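Open your viewer and get ready to select a few residues with me.

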Amino acid sequence: MVKTIVEFKDEIRMIRADMNRRGEFADTKLIASWLDRLLISLEAIAPQLDLMAIELEELVDAVDALASQKKAKSAGKKKPAKKKGKKKR
């Protein structure tokens, strides 16, 4: 059973290689076996993917909070007014 994304990718490669090697002679049982292996691997990796999604949401929230703080600080500082001078022709 896969536990990491790397192991999941390896399992996918093995299934694909098996399909390429024995695809011409595949019967219903063999196809069901490939599908079963894939589903078991997906089921095993799903918790890690859920955690990654949560971590990504937290990172986005942190970046948004930092960006809003930066905007608030820059809005608090006034830039000196530009002097309007005569335009050169």
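Is Asp10 buried, partly exposed or exposed? Asp10 is partly exposed, at 35% relative accessibility; buried means under 20% relative accessible area, exposed over 50%, and partly exposed in between (1.4 Å probe, protein chains only).

A word on the model: it is predicted, local features need pLDDT of at least 70, side-chain atom pairs count only at pLDDT 80 or more, and totals for chains, interfaces and linings use all residues. Residues are numbered from 1 along each chain as its sequence is written, and side-chain values use heavy atoms, with hydrogens and water left out.

Next, select Glu11 and Arg37, another salt bridge, with the closest N and O atoms 3.1 Å apart. Glu11 lies in helix H1 and Arg37 in helix H2, so this pair ties together parts 26 residues apart in sequence. (Helices are DSSP runs of H or I, at least four residues, and strands are runs of E, at least two, numbered from the N terminus.) Glu11 is buried at 14%.

Move on to Asp18 and Arg21, whose side chains meet in a salt bridge at 2.8 Å, N to O. Asp18 is buried at 7% relative accessibility, whereas Arg21 is exposed at 58%.

Finally, select Glu11, Asp18, Arg21, Arg22 and Arg37 together: they are linked in a network of salt bridges.

How values were computed. Salt bridge = Lys/Arg side-chain N within 4 Å of Asp/Glu carboxyl O.
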